[in-house]
Every structure is written in structure tokens, then in C-alpha cells.
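Have the sequence and the 3D view handy.

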Amino acid sequence: MTTFNRLAPLLRTTALSVAAVVAIGAGRQAVAPAAGLQFRAEQIATDFGIGYAVALGDVNGDGRTDILAINATDLVWFEAPGFQKHVILTGVTPRDNVCLAPHDIDRDGRLDVALGASWQPTNTSSGGTLHWVRQNPPGTDPPWELHSIAEEPTLHRIRWADVDGDRNLELIVTPLHGRGTKGPDWLGNGARILVFRPPADPRRDPWPNEVADDTLHIVHNFLPVSMDGDPQQEILTASREGVNLLKRAGDGKWSRTLIGEGAPGEIKMGRVGGRRLLATVEPWHGKSVVIYAERPGVWSRTTIESEIAGGHALGWADFDGDGNDELAVGWRDGKPGLAIYAVDRDGALRSKFMVDDGGMATEDLVIADLNGDKRPDIVASGRATHNVKIYWNETGSRSK
């Protein structure tokens, strides 16, 4: 249990040019064009099925950033720099795979993958399996092996974070709903936000775990962050109860602090003009993009978009090299798309740039400089479009 504090606080040569002025947002306000942004789309997978999630990591240890992705049955990786597809696992986890989190779990110097499967979003009494996939030494048969960790109904999101400051990463696991709850309201038990610690022998030993919180409902996503400069990370949650910050004290007790008032489904943090900003999609699978600007107590709230359909992915990065982050937003329903929004330090909308207008029903996205040109690129996976794309950032020249 926690204590509650309300205070404190994307085939290979498609060119994408600079967007024209777009009218969006609450009240259909006019928005200035996003000067200079340019992206080139490269499709690296077709007929992939639902691309539930994408992630990044150096799979083969060559120093390059590779792409990992999952569909309902497969875990795959795309090898940089050409991004050829390799299958890690197929058909061995309970359908559907829903989330992944790469990390060297057994500390042998090779990247492994934590994997959530048996995705059954309305079954709150069973399903929801948690696994880890070990990368064996080169030349071993099989090259990868699957191990089970635990089960939690409606298991939906997993990420690694150091929540106790011991310089080791814990696996944070969030289900969508509380056990035994029923739609459409999902009232009753809150979702159990779980913290798993890899044991000395993660293949054979049970994984100790603790409950960080069990009071929130429709916990669609979360974000590990470092809010106060101490060695440990905190957890930001996006749920029906708003944006909340979970922090673990030295005695192992967890507290919950309200940061933003709303009902978000996605959450990511960026920085503009030196100020921390949170972006959310509201409600879950919703049509609005909301910016929360840091201030004491509950952060200020500004809606910058209200006409997307099925918002499902967010990511901040300095795409234009001006020293401030811009926000990538992906949606999967209606006419799907992927766009970049620029805001000021108060969260007010300055511009919108369409990166993909109809060719990516965005289920997930990640951001990284994939070719070493010091420009952040975007990787996105599609739901109805069944594809994976890289959006290469070819915006101007940057100072080295």
C-alpha cells in the first residue's frame, strides 16, 4: 500500500517535406509551420502483424543501436546498419506478446529481453505472463532461451529502472486493470504496480518482488524518471487518477504524489527552455494531447491537440537542433499518423509537422540517433498498417 500526497510537485526512399500550416487543437487554432524539419521514411518490415512494441539496444555487441520489436507471436530484431530482420522467438509465448524491455539480465555482457505476453485486456483473473529471453553465447544452439518469471492479469507495460538507488535495475511491471475488475468502469481493486528484482541466478531462482502501488485504475503507461537528483528513480504513472509520482523510501515504503489532474493513457517527459514538461494522451486511446508544465504542487495543464484518433505513442527529442525538445505523437485510428509538435516552456503550441500522414497506424515509437549524425531518428510500429518504419531525421546541418 502507499500513502497519498497531493502536494509537491514512423519504401526506402519516401521523402517527407516540411509541413504546411495546420489547424488543430482545442478551438481549431491556427498553428505556424514547423520550419526546417525534414524526415525520410524507410520501411523495414511489412506484413508484420500488430507491432505491439518497439525498443532499442545493441543486440550483437557491435556498438551499434539495433531495433527490437514484437507482434502477437514473434520477438525479432533488426540489425544495424542495414536493419535486416532476425527472429529471436516465434510461437513459444502465450498470445499475444504485448511489451518488451531489453537489458543484460544475467550480467554476462549480452543483451537479454524481458517480455510480457498472454495479453488479454478484459480478463482480469488470469493471463498476463512475464518472461525473460536469455541470449546465449555465440555458437550455442539454441541462440536464445525463454524463461518464465511470473503472471499478472492484464500485464501491459514493463520497463527497467533503479527505484531503490542501489545502481542495479529493477523490472517495473504494470497491468492495465486491477484483479477481478470488470468493464466498462473497471472499478474496485487497483492495478498492482510490481517491482521485480533479478536474482543471482535468474534462470533458476524466483524473482523477488514488491508492490509499489495498488490504488490506481486503467494504468495504461508509466515512465521511470529522476525527479530530485538522488541516486534512485521514481515512477510516473498515467491512469484514471491523473499523473502520479511513485517514490520508494529507504524503509521500503512507497508514497504517491499527484502531479497532473487528468485521465491520461500515455506519458513522456521532455524539456523546453530549461523547464520540465510532461506530455500525455488523454483519455487512454484518446484524441487529445496534453502538456503539463512543471511548477510547485500540481503542474499546469494545456491541451495542444484534440483531433487525433486513438493516440498511442509519445516521445520527446531535440529534432531541429535548437536546444529544446519537440514532441513526437503517434495515433492509430481514423486516418492514422505521426506528427511532431513544438511547444514553448509553458506548454503552449507553436507548430505541428506531419511526419507520416496515413502510412503508420502508430502503436508504439522510440527515438534514437541510429546513424551517428547527431540527429534523433524515430522508429515506429503499426497496428492496422502492420509495418515497422524508421523515420530518418534529415533536418538541416548541426554543429558538431
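Q: In which loop does Asp96 lie?
A: This is a predicted model, where local features need pLDDT of at least 70, side-chain atom pairs count only at pLDDT 80 or more, and totals for chains, interfaces and linings use all residues. Residues are numbered from 1 along each chain as its sequence is written, and side-chain values use heavy atoms, with hydrogens and water left out. Strands here are DSSP runs of E, at least two residues, numbered from the N terminus. On that numbering, Asp96 sits in the loop between strand 9 (84–90) and strand 10 (99–103).

Q: Is Asp96 buried or exposed?
A: Buried means under 20% relative accessible area, exposed over 50%, and partly exposed in between (1.4 Å probe, protein chains only). Asp96 comes in at 16% relative accessibility, so the residue counts as buried.

Q: Which side chain makes a polar contact with the side chain of Asp96?
A: A polar contact is a pair of N or O atoms within 3.5 Å; within protein, one must be able to donate a hydrogen and the other to accept it, and residues adjacent in sequence count only if both atoms are side-chain atoms. For Asp96, such a side-chain pair is found at 3.3 Å, and the partner is Arg95.

Q: In what order do the 4 strands of the open sheet run?
A: Two strands pair if DSSP finds at least two bridges between them. Strand 7 (residues 66–70) and strand 8 (residues 74–79), for instance, pair in the antiparallel sense over 4 bridges. The pairing in the open sheet is antiparallel, and the order is 6-7-8-9.

Q: Why is the pair of Phe39 and Phe319 called edge-to-face?
A: Rings of Phe, Tyr and Trp (its six-membered ring) pair if their centres lie within 6.5 Å; planes under 30 degrees apart count as stacked, over 60 as edge-to-face and the rest as tilted. By this rule there are 3 aromatic pairs. The ring centres of Phe39 and Phe319 are 5.9 Å apart, and the pair is edge-to-face because the planes are at 65 degrees.
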